[in-house]
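Colleague: Could you walk me through how to read a model like this one, feature by feature? I'd like the general idea and then the case at hand.

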Amino acid sequence: MLKTIINLESGKKVYFASDQHFGAPNPKESKMREERFIRWMDEIKHDAQVLFLMGDLFDFWHEWKHVIPKGYVRVLGKIAELKDRGIHIYFFVGNHDLWMKDYLEEEIGCTVFYKKQYFEMGGKQFLLAHGDGLGPGDKGYKRMKKVFTNPVAQWFFKWLHPDIAMKIALYMSQKNKMISGDEDKEFLGEDKEFLIIYSKKKLEAEKIDYFIYGHRHLPMVLDLQEKAKYINLGDWISYFTYGVFEKDFELKTFEDKAKKITP
């Protein structure tokens, strides 16, 4: 089991955020949420040592050789600012931005992951993942993901004009209710939540203190056996929740005190 060890500096913290889905449901409403997320990054930059972006930062993202999707300039600029301040940025590709390639790595200096990763921080063991495709069930999505990550399918898609490709992709994303819906607001129970089932199975063979995921959109901290914790970070659509770790993990809500309202 390969893992990354992060030695926390005194007074520094590790932050986690997931499922912003910027671009949805439309540019105007997305911009308001983008500004709120930027204000949060401004707030944490003074004591952050590491920021984990746990997937679906964008409602859809695809990189051509010389083109990236329009928009998100201020969000990307703020992430770059944090990186320039010496904050380590780890980005987990989600099911909406799974066609991420090397743009964030080359232009900003983020480290991009395409599957689950193990970390050790503050003497605690972490398993981190966006969460899509893990655990039992959801066979339809798993088949779809195999198509979307297939090199041949990606090769054909990249030859579409970006205006056409983005229009199709955004329509498909919202048509299939990939963004959080009413079904994501109900806890199904430990025996039916696929990420909890997956986490419990991992504990049979591995020592993990914190399982941290996005994807599910339902903010939650749940005690598992052997003092391990299952954590879902929620989203920046309905909940505006985030995680912070110093000596222990906390799930918090960003209480935005800004008076600014985007017309």
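Predicted model: local features only at pLDDT ≥ 70, side-chain atom pairs only at ≥ 80, totals over all residues.

Colleague: Let's begin with strands. In what order do the strands of the sheet with β5 and β12 run?

Modeller: General idea: strands of a sheet pair through backbone hydrogen bonds, either parallel or antiparallel. Strands here are DSSP runs (E, at least two residues), helices likewise (H or I, at least four), numbered from the N terminus, and two strands pair if DSSP finds at least two bridges between them. In this model, 6 strands form an open sheet with mixed pairing, ordered β5-β4-β3-β2-β11-β12. Its edge strands, each pairing on one side only, are β5 (111-113) and β12 (249-253). Neighbours in this sheet are turned by 20° against each other on average, direction ignored; the angle is taken between lines fitted to C-alpha atoms, and angles run from 0 to 180 degrees between N-to-C directions.

Colleague: How many bridges join β11 to β12?

Modeller: There are 5, and β11 (residues 241-245) runs antiparallel to β12. Gly243 is the residue opposite Leu251 in β12.

Colleague: And which strands make up the open sheet that holds β7 and β8?

Modeller: That open sheet has 6 strands in the order β1-β6-β7-β8-β10-β9, and its pairing is mixed. β1 (3-6) and β9 (220-223) are the edge strands, each with pairing on one side only. Walk across part of it: β7 and β8 pair in the parallel sense over 4 bridges, with Tyr210 in β8 as the bridge partner of Phe126. Next, β8 pairs with β10 (residues 229-232), also in the parallel sense over 4 bridges, and Phe211 stands opposite Tyr230 in β10. Then β9 and β10 pair in the antiparallel sense over 4 bridges, where Val221 has Ile231 in β10 as its bridge partner.

Colleague: Are the faces of β8 covered or uncovered?

Modeller: Both are covered: Tyr210 and Ile212 on one side, and Phe211 and Tyr213 on the other, are all buried in β8 (residues 210-213). Burial goes by relative accessible area: under 20% is buried, over 50% exposed, in between partly exposed (1.4 Å probe, protein chains only).

Colleague: Now the rings. How many aromatic pairs does the structure hold?

Modeller: A pair of aromatic rings is described by the distance of the centres and the angle of the planes. Rings of Phe, Tyr and Trp (its six-membered ring) pair if their centres lie within 6.5 Å; planes under 30 degrees apart are stacked, over 60 edge-to-face, the rest tilted. The structure holds 29 such pairs. Take Trp40 and Tyr242: centres 5.2 Å apart and planes at 50°, so the pair is tilted. Trp40 sits in helix α1 and Tyr242 in strand β11, so this pair ties together parts 202 residues apart in sequence. Both of these residues are buried.

Colleague: Why does the pair of Phe126 and Phe245 count as edge-to-face?

Modeller: Because their planes stand at 85°, with the ring centres 5.1 Å apart. Phe126 lies in β7 (residues 124-129) and Phe245 in β11, so the pair ties together parts 119 residues apart in sequence. Phe126 is buried at 1% relative accessibility, and Phe245 is buried at 0%. Both belong to one aromatic cluster, which also includes Phe16, Tyr90 and Phe249.

Colleague: Last one: how many residues line the largest pocket?

Modeller: A pocket is an open set of points on a 1 Å grid over the protein atoms alone, where a 1.4 Å probe fits, with protein on both sides within 12 Å along at least five of seven lines; lining residues have an atom within 4 Å of a point. Here the largest pocket has 24 lining residues, and Gly23, Pro27, Lys70, Gly71 and Tyr72 lie nearest its centre. It holds about 580 Å³ of space, the volume being that filled by probe spheres set on the points, which are joined across faces, edges and corners. Helices α1 (27-44), α2 (73-84) and α6 (162-175) each supply at least two of the lining residues. The lining divides into 12 nonpolar, 5 polar and 7 charged residues, where Ala, Val, Leu, Ile, Met, Phe, Trp, Tyr, Cys and Pro count as nonpolar, Asp, Glu, Lys and Arg as charged, and the others, Gly among them, as polar.

Notes
Residues numbered from 1 in each chain as written. Heavy atoms only, no water.
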